Amino acid sequence: MASVALTTTLPSLRLRRNTTAAAALKPNRLTSFPPSSLKPNLSTSISSFPNFSLKKPNLVLTRKHSSFTVRATVASVTPAPAPAPAPIQPWQGAAIKPLLASIATGVILWFTPVPAGVNRNAWQLLAIFLGTIVGIITQPLPLGAVAILGLGVSVLTKTLTFAAAFSGFGDPIPWLIALAFFFAKGFIKTGLGNRVAYQFVKLFGSSSLGLGYSLVFSEALLAPAIPSVSARAGGIFLPLVKALCVACGSNAGDGTEKKLGAWLMLTCFQTSVITSAMFLTAMAANPLCATLTQSSINQTIGWLDWAKAAIVPGLASLVLVPLILYVIYPPTLKSSPDAPKLAREKLEKMGPMTTNEKIMTATLFLTVGLWVFGGLLNIDAVSAAILGLSVLLVTGVVTWKECLGEGVAWDTLTWFAALIAMAGYLNKYGLIAWFSQTVVKFVGGLGLSWQLSFGILVLLYFYSHYFFASGAAHIGAMFTAFLSVSTALGTPPFFGAIVLSFLSNLMGGLTHYGIGSAPVFFGANYVPLAQWWGYGFLISIVNIIIWLGLGGVWWKFIGLW
């Protein structure tokens, strides 16, 4: 409200409102002006009145004796609030404690004496790699930023050249994973994802466990035909799982992750490594195991040999792992008897397929067809995915702006490519060969039975995968050495080869970078990193018990040992 300023004269008086007079007239404050201080000749004369009272809104002016008393009443005027202090800007940089932990890890190892048989560059790269891994676990910055820092240190210290440090960006697997996110964008944007998800819910959606098993065994059926776990996970099942989660009200980042999405993402990931282990053609690196077996012990692992040995422990794992995760990491949405009915209503409301849905469907069939039969046409998985994305871009089903907006895809591409580069050069610098030889000499010198010696070897082979961002790199670096030593210690050669082959897939479930499907499902952001690693370790124990326990009995039955 405006306050009142008073200008008055004798013998005449003039009143004027002024919005700037808040400081002059304050509520219920009395101010006296002697007549000598007031100037004459204003418009309204009141000199003929010995005593007068002039009333205006919120103002009472009264003459008493030889002075004027002005009372201003402005009920609605409030003092102007003091200006609020400028808010303190929160720290936008790295989280200090995790950053210091990452740096300390690298620095301590950097200045540790280099073991005999290891060159200085290899040891320095190991220090940078482990410091980066600690940073990825503790996350002082987003994963991609941590990876860039690791690459920067490796270049600044001359441990790697620029070309070597960024060589991982030339590997097809990180790009295949990024392309999978772009496919998922089109799958969801067009509504095709919702349509397929509602079909699954209609058939299996009365319980979360039933929904999970339907996805697990669908993936197992496709595994023998699609030799890329990255392609299966990213191009087919990630879009479907995300659509199912959204359809059930479970979204990343809004507190509803554990409603369904966290359990479903972790379950689909952990079972993807199992299906990869079940068939020779289910993972791109499996034929490498067969090739190295042939060159090491002059025996061939055929498709039927592999499937026959894996079928019993594989099926047992596919049944038990989702159930165990359901108990230890349960979804809050366990049953929804009305879900199938609601899904049918949603499908009726959606109506017939739109043009973009039809284009998306045709593109998926084209891409999956090339993943299955691309070997006959000499077309690899990433080339097929690029062709599929090109169709989506040309038809406008997905725009390039939308691809650029998929921050998770680019972040995953960055950190995964960085780890591939560093892990690859650890092998090239001879560190992995030194580690293998050290382990082999140690185990060989214990004088144990072949069963115990082989058990120690397979555990070391399995858990050394924390240092690898690629199954193929791990197999290429350590498979031959471990197979040769286990054979020399009395392990039946074919038995040793096929067990190491199975474990070369199962060990991918340890981390969020150990196999092609890991960054795909982790990148959906439903499961925190610490829980991803923790449950990965627990499920690794479950898988080892199933495959070496039940599997060992089965392999004895079919004559492998």
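This report describes the fold, nonpolar core, cavities and salt bridges of one predicted protein model.

## Basis of the model

The model is predicted, with local features needing pLDDT of at least 70 and side-chain atom pairs counted only at pLDDT 80 or more, while totals for chains, interfaces and linings use all residues. Residues are numbered from 1 along each chain as its sequence is written, and side-chain values use heavy atoms, with hydrogens and water left out.

## Overall fold

The protein chain has 22 helices and seven strands. Helices (H or I, at least four residues) and strands (E, at least two) are DSSP runs, numbered from the N terminus.

Of the 561 residues in the protein chain, 47% are buried. Buried means under 20% relative accessible area, exposed means over 50%, and partly exposed lies in between (1.4 Å probe, protein chains only). A contact means heavy atoms within 4.5 Å. Among contacts with a separation of 6 or more, 75% are between residues 24 or more positions apart.

## Nonpolar core

A nonpolar core is a set of buried Ala, Val, Leu, Ile, Met, Phe, Trp, Tyr and Cys residues joined through side-chain atoms within 4.5 Å. The largest one has 162 residues, of which Leu215, Trp371, Leu419, Phe521 and Trp547 touch the most other members. Leaving out residues up to four places away in sequence, tryptophan 547 touches Ile274, Ala277, Met278, Ala310, Pro313, Gly314, Ser317, Phe502, Leu506, Gly552 and Trp555.

## Cavities

There are two cavities of 30 Å³ or more. On a 1 Å grid over the protein atoms alone, a cavity is a set of points where a 1.4 Å probe fits but cannot get out, and lining residues have an atom within 4 Å of a point. Grid points are joined across faces, edges and corners, and a volume is the space filled by probe spheres set on the points. For the lining classes, Ala, Val, Leu, Ile, Met, Phe, Trp, Tyr, Cys and Pro count as nonpolar, Asp, Glu, Lys and Arg as charged, and the others, Gly among them, as polar.

The largest cavity has a volume of about 50 Å³. Its lining includes Leu215, Glu219 and Phe521, and α7 (208-222) and α9 (261-278) each supply at least two of the lining residues. By class, this lining has five nonpolar, two polar and one charged residues. The second largest cavity has a volume of about 40 Å³. Trp371 is one of the residues that line the second largest cavity, and α5 (172-189) and α8 (229-247) are the elements that give two or more residues to that lining. Its residues divide into seven nonpolar, three polar and no charged.

## Salt bridges

The structure holds three salt bridges, each a side-chain nitrogen of Lys or Arg within 4 Å of a carboxyl oxygen of Asp or Glu. Glutamate 402 and lysine 189 meet at 3.0 Å, N to O. Glutamate 402 is in helix α15 (residues 400-404) and lysine 189 in helix α5, 213 residues apart. Glutamate 402 is partly exposed at 22% relative accessibility, and lysine 189 is partly exposed at 39%.

Glutamate 357 pairs with arginine 195, with the closest N and O atoms 2.7 Å apart. This pair links helix α13 (residues 355-377) and helix α6 (residues 192-204) across 162 residues. Glutamate 357 is buried at 2%, and arginine 195 is buried at 12%. Arginine 232 and glutamate 219 form a salt bridge at 2.7 Å, N to O. Arginine 232 lies in helix α8 and glutamate 219 in helix α7, so the pair ties together parts 13 residues apart in sequence. Both residues, arginine 232 and glutamate 219, are buried.

Methods. 1 Å grid on protein atoms, 1.4 Å probe; cavity = no way out; pocket = protein on both sides within 12 Å on 5 of 7 lines; lining within 4 Å.
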